[in-house]
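Please look over the structure shown below before reading on. The briefing that follows takes up its features topic by topic.

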Amino acid sequence: WQAGPETPEQAKTVVAAIKEAAAAEGRVIDDDHYGAGIPFRFGQADEPGLQPLFDAYRKRTGRDPLDYFAIGDGPAIVDKIAEFVAAGVSKFILRPAAKGDDDMIAQTRRLIDEVLPLVAARWPKPKRRMAAE
């Protein structure tokens with residue numbers, strides 16, 4: 001399952017419902033099959049360029065974009081990811097909230113440099129087992 005504009009709390013409800021429905025059918029879905037897409041922005045929520053994105057989100061969902069968007073510095077973005085992890089989500093698509101190509105590249109570069117190392121330290125990947133030869 002790949003969340004759309006769900007908040008972490010809404011994602012938690014959906015993940016639980018999917019697990020319950022699968023169990024009722026005698027099926028199991030691996031925990032690593034639940035994902036979320038999160039728009040992110042290094043900066044402040046009151047930046048003028050974010051207002052159109054926030055307005056569109058509010059219009060489409062009727063919800064507060066600050067419950068969904070990850071905005072701030074690297075640790076703040078990781079904190080939003082952690083909210084989804086606590087909800088049972090393990091795969092992420094992080095989309096830069098950017099205006100224009102240069103801004104998108106700059107935001108993505110900061111994600112790579114400032115967030116990915118924090119994510120790797122907080123949630124290290126398990127070592128892969130070698131296939132029997």
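In this predicted model, a polar atom of the side chain of T61 lies 3.1 Å from the backbone nitrogen of R63. T61 is found in helix α2, and a polar atom of its side chain also lies 2.7 Å from the backbone oxygen of Y57.

**The chain as a whole**

- The chain has four helices and four strands, and, read from the N terminus on, these elements follow the order β-α-β-α-β-α-β-α.
- Along its principal axes, the C-alpha trace of the chain spans about 50 × 40 × 20 Å.
- The chain has 133 residues, of which 29% count as buried.
- When the contacts in the chain with a separation of 6 or more are considered, 72% of them are accounted for by residues 24 or more positions apart.

**Aromatic rings**

- The structure holds five aromatic pairs, and one of them joins Y57 and Y68, whose ring centres are 5.0 Å apart and whose planes stand at 15°, so this pair is stacked, the cut-off for stacking being under 30 degrees.
- Which parts of the chain does the pair of Y57 and Y68 tie together? Y57 lies in helix α2 (residues 51-61), whereas Y68 lies in the loop between α2 and β3 (70-72), so the pair ties together parts that are 11 residues apart in sequence.
- Are Y57 and Y68 buried or exposed? Y57 counts as buried because its relative accessibility is 1%, and Y68, with a relative accessible area of 3%, is buried because the cut-off is under 20%.
- Y68 also forms an aromatic pair with F69, and this pair is edge-to-face, with 5.7 Å from centre to centre and 90° between the planes.
- Taken together, F54, Y57, Y68 and F69 form one aromatic cluster.
- As background, a pair of aromatic rings is described by two quantities, namely the distance of the centres and the angle of the planes.

**The largest pocket**

- About 710 Å³ of space lies in the largest pocket.
- The lining of the largest pocket is made up of 18 residues, and those that lie nearest its centre are S90, W123, P124, K125 and P126.
- Which elements each supply at least two residues of the lining of the largest pocket? They are α3 (74-86), β4 (91-96) and α4 (101-122), and the largest share, five residues, comes from α4.
- By kind, the residues of the lining of the largest pocket divide into 13 nonpolar, four charged and one polar.

**Q107 in helix α4**

- Q107 has its place in helix α4, and with a relative accessible area of 5% Q107 is buried, because the cut-off for that term is under 20%.
- Which residues does Q107 touch, not counting residues up to four places away in sequence? On that basis, Q107 touches F40, R41, F42, P96, A97 and A98.

**L53 in helix α2**

- L53 lies in helix α2, and its relative accessible area of 36% makes L53 partly exposed, because the value falls between the 20% and 50% cut-offs.
- If residues up to four places away in sequence are not counted, L53 touches F69 and A97.
- L53 and G37 are 16 residues apart in sequence, and in space they are 15 Å apart, C-alpha to C-alpha.

**Q2 in strand β1**

- Q2 has its place in strand β1 (residues 2-3), and Q2 is partly exposed, with a relative accessible area of 39%.
- Leaving aside its neighbours within four places in sequence, Q2 is in contact with G35, A36, G37 and I93.
- For A36, there is a further detail, in that its backbone oxygen lies 3.5 Å from a polar atom of the side chain of Q2.
- Q2 and G49 are 47 residues apart along the chain, and their C-alpha atoms are separated by 27 Å.

Notes. Residues numbered from 1 in each chain as written. Predicted model: local features only at pLDDT ≥ 70, side-chain atom pairs only at ≥ 80, totals over all residues. Heavy atoms only, no water. Phe/Tyr/Trp six-rings, centres within 6.5 Å; stacked < 30°, edge-to-face > 60°. Buried < 20%, exposed > 50% of the residue type's maximum accessible area, 1.4 Å probe, protein only. 1 Å grid on protein atoms, 1.4 Å probe; cavity = no way out; pocket = protein on both sides within 12 Å on 5 of 7 lines; lining within 4 Å. Points joined across faces, edges and corners; volume = space filled by probe spheres on them. Nonpolar A, V, L, I, M, F, W, Y, C, P; charged D, E, K, R; others polar. Polar contact = N/O pair within 3.5 Å; in protein donor to acceptor, adjacent residues only side chain to side chain. Contact = heavy atoms within 4.5 Å.
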